[in-house]
Amino acid sequence: MFSTIKLEDYFEFYTANDIRIKGHRIGIQDVLNYYLEGYTPEEINLDLPTLNLEKIHATITFYLHNKLQIDEYLERLEKDRRESYQKFIANPPAVAKKVQAEKARRNAAKTKKQ
């Protein structure tokens with residue numbers, strides 16, 4: 001007798017923008033970005049060695065069965081990532097400002113020596 005495979009066996013659905021592979025902090029987008037770039041499951045496994053091939057294949061199968069919804073999910077994540085980056089650039093945290101100031105100071109000192 002065959003066992004039934006359930007989504008809950010492979011994925012954690014935390015929020016509408018956070019679907020992770022069960023037992024990992026790896027999101028499905030990490031696997032799917034490789035897959036959509038043309039990587040094979042075996043090549044994905046080389047870059048994400050904590051995932052076994054079964055979980056990689058399950059992620060790809062989930063995508064293929066829900067392509068429209070998952071494409072929208074991936075677009076939302078990319079949009080959120082771009083917006084977060086723009087906010088970071090516009091108003092970097094204090095530590096980033098300190099690093100930038102130190103780099104500028106070192107570059108100025110280097111230029112002064114030349």
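Among contacts between residues at least 6 apart in sequence, what percentage join residues at least 24 apart? The share is 46%, a contact being heavy atoms within 4.5 Å.

The model is predicted: local features need pLDDT of at least 70, side-chain atom pairs count only at pLDDT 80 or more, and totals for chains, interfaces and linings use all residues. Residues are numbered from 1 along each chain as its sequence is written, and side-chain values use heavy atoms, with hydrogens and water left out.

Begin with the whole chain, coloured by secondary structure. The order from the N terminus is β-β-α-α-α-α-α, where helices (H or I, at least four residues) and strands (E, at least two) are DSSP runs numbered from the N terminus. The C-alpha trace spans about 75 × 30 × 25 Å along its principal axes.

Next, select Phe11, Ile21, Ile28, Val31, Leu51 and Ile70. These have the most contacts inside the largest nonpolar core, which has 20 residues. Such a core is a set of buried Ala, Val, Leu, Ile, Met, Phe, Trp, Tyr and Cys residues joined through side-chain atoms within 4.5 Å; buried means under 20% relative accessible area, with a 1.4 Å probe and protein chains only. Helix 3 gives the most to this core, with 5 residues.

Centre on Ile21. Beyond its neighbours within four places in sequence, Ile21 touches residues including Tyr10, Leu51, Lys55 and Thr59.

Now select helix 1 (28-36). Ile28, Val31 and Leu32 are its buried residues. They lie on the same side of helix 1 because they cover an arc of only 95° around the axis, taken from the directions from the helix axis to the C-beta atoms. Their cover includes strand 1 (11-15) and helix 2 (41-47).

Technical notes:
Buried means under 20% relative accessible area, exposed over 50%, partly exposed in between (1.4 Å probe, protein chains only).
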